[in-house]
Amino acid sequence: MLKVNNLSISFIQYQAGLKQRNLQVISNLSIKIDAGEILAVVGSSGSGKSLLAHAILGILPKNAMVSGSMLYKGAELTPEIQKKLRGADITLIPQSVNFLDPLMKIGEQVRCSAGSGNPREKQKSIFRRYSLDEKAENQYPFQLSGGMARRALVASAVVGGARLIIADEPTPGLHPQIVRETLGHLRELADDGCAVMLITHDIGTALSVADNIAVFYSGTTVEIAPTADFKGSGEALRHPYTRALWNALPQNEFQPVEGFQPSHSGHLKEGCLFEPRCSQSSQECKCSTPEIREIRKGKVRCHNAT
Amino acid sequence: MQLRAENISFRYGKGDWILKDFNIELNQGEILGLTGPSGCGKSTLAKILAGYERPLGGSVELDSRSFPSKGFNPVQLVFQHPEKAVNPRWQMHRILRESGCQDDSLYRSLGIEESWMKRWPNELSGGELQRFCVARALTRQTRFLIADEMTTMLDAITQAQIWHVVLEYAKQNNMGVLVVSHENRLIERLCDRVVCLRDNAAGRT
Amino acid sequence: MSEISAVTRDSRNSKFFKFIPGLNRRQRTLLMIASSVLVLAAVIMASLLLDNEKIATHFDEKNLGPSLEHFFGTDWLGRDMFTRTVKGLSLSIYIGLIASAVSVVIALVLGMSAATMGKTVDRVITWIVDLFLGMPHLVALILIAFTLGGGAKGVIIGVAFTHWTSLTRVIRAEVLQLRSAEFVQISRHMGKSRWWTAFHHILPHLVPQFFVGFVLLFPHAILHEASITFLGFGLSPHKPAIGVILSEAMKYLSTGMWWLAFFPGLSLLIIVRAFDIIGENLRLLIDPHHAHD
């Protein structure tokens, strides 16, 4: 459904005064999502995962420069096509219910995004599907409970019949029950043949629903692994960072790793970006940037992975 | 030393009672967890305990005395969103210095780089900023730390990194910590004792 | 009110220099500001350099149309209109400068106090703001200027006391929001006093509002100075003020002496626009949302 090849994004920024510089924030990123699949994109803040979503939707700020290719159903995503597909074929489930228009009744908001066909009919059926009662149709967002507002948010995102759904941190700090419900909706959508990209910093959320997990580090994917590989003390995982992330969970070892993720404000060094924090680093890791390669049905960007 | 809230009640304006006759106590050196569903008043309670809000009924006492209204507050609160907790027009070194703490080994153990000091808040990621907020709150005068969803927005590695430092610091300095989180597994991992706040404010240990 | 609308208006100014390749937005913006400042400086310099003799009465040269010798022509007393216009404009700039500086200071003090000094003070100040905003600018202006007996003093005080209102509102709202910001509250709990946080945390955030507000008040002050002078409540007729020139020119328009009103009017427009451009471009430079465009 969606294939991203060697995507790089950089920003032109002003330094002190009039000089401009180029910041590379995403480098050589490749992912692919099939119909019926949920791909979770997991990474810490500042790893560039939200930018990927913005790039796919074509809503990057003006000073961004994009290279590489993005294919949607085999066709190149150009700005014109993105504009046409955005909100129709490709849709975004935003972070917070504050993205609902506070001054518009729920029913109307959902009808607004219904696109072609009979909006009222579509809205009624989507309301039934997400068990929003008739009353909610004529209510404003502030009158809904937290869980209902979430459902309304999902409803208005998918009512237009989108095939590719991007959920950007859809469950930050929410009640576990609402989290389960929202993730359940994503699963249903995928089972209906949609492709779902779930962006989150919380690996627990990702594991509970996704088929595959793409792990971001400093603007690129270090590993793409099937969810089933996240078990035990992470022996099945391919990249040391993924393993560290898994072992840092409070329910596992709660084991931190020294150091910090290299940021883009400095220039990125040669070699593997995780090398300074990695316990298995070698001379090769210092000098050459590892290419992404396929190992045991997953992908990894590490010289030492087996 | 003990931080103690007795029979506190709170509501915003004329709304429903968020807390009603609620009791909680936090001892020196204790790591206490506070959980509960969202909207049950966890954050409000955290703010009351740190003196950011005054309870409408009942009292919050530090060592059987009411709160000092001036000077450095020995109960420090760390918020969920570090971007809001720092002045965007201040450089990082100034933000750190505001609390008067100067402990290089603490900075190092939190993974704060020397080169970050000259940066502006918008040049750092959330995880990096939160390290500064934690470092800023851990001063010699801090007797209690209230962590309101302190690491909810962070990745697992940074979360573990920060908590290891905080726990170690608490042990060394006999500081009490209240861990407010909806993440039960984190609370289980960190805390000696857990208080669960239920809806309608009738929470019990 | 319109300084707020000017702040929210999308600026097309900085596109003006797009035809020069190889410049980034920030350079273009600075170029716009620099050229506007240059125009204003030129006007003030010229008014100092031009000889007062030229605006003395010369009956042998009266009612001449624009020529190389008299760019803007001469009037019915043979005074050189170019010199009068330039001197009038520079007078307007002086008056605008003082009036808007005073207004901005009033706005800052009242806005800060409304937001920090408790409910009663806030209520009183908001009430006064509403009172002034509820009255048409010009009426209040005429009233004040007239009571003070006209002249430069009357105009300056009149303009200053009528233009602080909208900026006060903006600053009050900003301070209210900042005061409840987490970083300000945290600072208070680190033992910093109210004044310390106001000075170190809140004030720096107001600097951009302050400067942009100041520059955008300028055109208003100038236009209002010209209008009340035009109506006869402002500067005395002996002064080479734009308002005076325009009101006199009215009488001669029907006799076909178009240049008397046309050139001074156009110059006024250019000066006002120059200030507007400076203000909007300053705002663009400061605004973080556009900082890296």
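This is a predicted model: local features need pLDDT of at least 70, side-chain atom pairs count only at pLDDT 80 or more; totals for chains, interfaces and linings use all residues.
Let me start at the interface of chain B and chain A, where six residue pairs are found in polar contact, both residues being at pLDDT 80 or more; a polar contact is a pair of N or O atoms within 3.5 Å, where within protein one must be able to donate a hydrogen and the other to accept it, and residues adjacent in sequence count only if both atoms are side-chain atoms. The side of chain B that touches chain A draws at least two residues from each of α5 (126-137), α6 (156-173) and α7 (184-190) of chain B, and α6(B) gives the largest share, seven residues; helices here are DSSP runs of H or I with at least four residues, strands are runs of E with at least two, and both are numbered from the N terminus.

Residues are numbered from 1 along each chain as its sequence is written, chains are lettered from A and ligands numbered from 1 in the order in which they are written, and side-chain values use heavy atoms, leaving out hydrogens and water.

Across that same interface, zero salt bridges are found, a salt bridge being a side-chain nitrogen of Lys or Arg within 4 Å of a carboxyl oxygen of Asp or Glu.

Now to B:Glu98, which sits in the loop between α3 (92-97) and α4 (104-109) of chain B. The side chain of B:Glu98 makes a polar contact of 2.5 Å with that of C:Ser187.
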